[in-house]
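Subject: Structure for your files, with notes

Hello,

Here is the structure you will be working with. My notes on what was found follow below it.

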Amino acid sequence: MTYSYKTHGTCSRRIDFDLDDDNTVHNVRFTGGCNGNLSGISSIVEGMNAEDVIDRFDGIRCGFKQTSCPDQFATALRKALASDIRCAPAVIWKGNNYFGG
């Protein structure tokens, strides 16, 4: 399933990614932000389990900010997993449907 998450508090504006049926991360694309760093993150997480990415990226800060692009990606993954597992609202696009607000 393809997801798109609007970031908050970072230079990147959006994160698009795919999760397959066993919650493996694929095709991560950041819009905006530091291209080199975000391309590296995208490459590193390719094929990783979403929970492992969340464990590694959750809580990382960028300078004086309360969040970072990796932290926002962890948030996006958490919301994507919640929308699949519990049908809970999430600020995320899933396929062609928008969940939450």
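Buried residues account for 43% of the 101 residues in the chain. The model is a predicted one, and every value below was computed from it. Of the contacts in the chain with a separation of 6 or more, 41% are between residues 24 or more positions apart. The secondary structure consists of three helices and five strands. Read from the N terminus, the order of elements is β-β-β-α-α-α-β-β.

Aromatic rings

There are three aromatic pairs in the structure. Y3 and F17 make a stacked pair, with 5.4 Å between ring centres and 15 degrees between the planes. Y3 belongs to strand β1 (residues 2–6) and F17 to strand β2, so this pair ties together parts that are 14 residues apart in sequence. Both Y3 and F17 are buried.

F17 also pairs with F73. The ring centres of F17 and F73 are 5.4 Å apart as well, but the planes stand at 80 degrees, so this pair is edge-to-face. F73 is in helix α3 (residues 69–85) and F17 in strand β2, so the pair links parts 56 residues apart in sequence. F17 counts as buried because its relative accessibility is 0%, and F73 is buried for its value of 0%. Through ring pairs, Y3, F17, F30 and F73 are joined into a cluster.

Charged residues

The count of salt bridges is two. In one of them, D16 pairs with R14, with 3.0 Å between the closest N and O atoms. D16 is buried, at 10% relative accessibility, whereas R14 is partly exposed, with a relative accessible area of 37%.

The side chains of R78 and D58 form a salt bridge at 2.9 Å, N to O. R78 sits in helix α3 and D58 in the loop between α2 (50–57) and α3, so the bridge ties together parts that are 20 residues apart in sequence. R78 is partly exposed at 35% relative accessibility; D58 is also partly exposed, at 43%.

What does D18 do for a partner, given that D18 is buried yet has no salt bridge? The nearest side chain of opposite charge is that of R29, 4.7 Å away, and a salt bridge needs the nitrogen and the carboxyl oxygen within 4 Å. The side chain of D18 does make a polar contact with the side chain of T2, at 2.7 Å. D18 is found in strand β2 (residues 12–19). Beyond its neighbours within four places in sequence, D18 is in contact with M1, T2, T24, V25, H26 and N27.

Serine 42

S42 is a residue of helix α1 (residues 35–45). With a relative accessibility of 13%, S42 counts as buried. The side chain of S42 has a polar atom 3.1 Å from the backbone oxygen of V28, and the S42 side chain also reaches the backbone oxygen of L38, at 2.9 Å. Leaving out residues up to four places away in sequence, S42 touches V28, R29 and F30. F30 is also a member of the ring cluster described above.

Cysteines

How many disulfides are there? The count is zero. A disulfide is a covalent bond between the sulfur atoms of two cysteines, and the cut-off used here is 2.5 Å between the sulfurs. For C34, the closest cysteine sulfur is that of C11, at 5.7 Å, which is too far for a bond. C69 is in no disulfide either; the nearest cysteine sulfur to C69 is also that of C11, 6.5 Å away. C34 is partly exposed, at 46% relative accessibility, while C69 is buried, at 13%.

Regards

Methods: Residues are numbered from 1 along each chain as its sequence is written. This is a predicted model: local features need pLDDT of at least 70, side-chain atom pairs count only at pLDDT 80 or more; totals for chains, interfaces and linings use all residues. Side-chain values use heavy atoms; hydrogens and water are left out. Helices (H or I, at least four residues) and strands (E, at least two) are DSSP runs, numbered from the N terminus. Buried means under 20% relative accessible area, exposed over 50%, partly exposed in between (1.4 Å probe, protein chains only). Lys and Arg count as positive and Asp and Glu as negative; His and the chain ends are not counted. A polar contact is a pair of N or O atoms within 3.5 Å; within protein, one must be able to donate a hydrogen and the other to accept it, and residues adjacent in sequence count only if both atoms are side-chain atoms. Contact means heavy atoms within 4.5 Å. Rings of Phe, Tyr and Trp (its six-membered ring) pair if their centres lie within 6.5 Å; planes under 30 degrees apart count as stacked, over 60 as edge-to-face and the rest as tilted.
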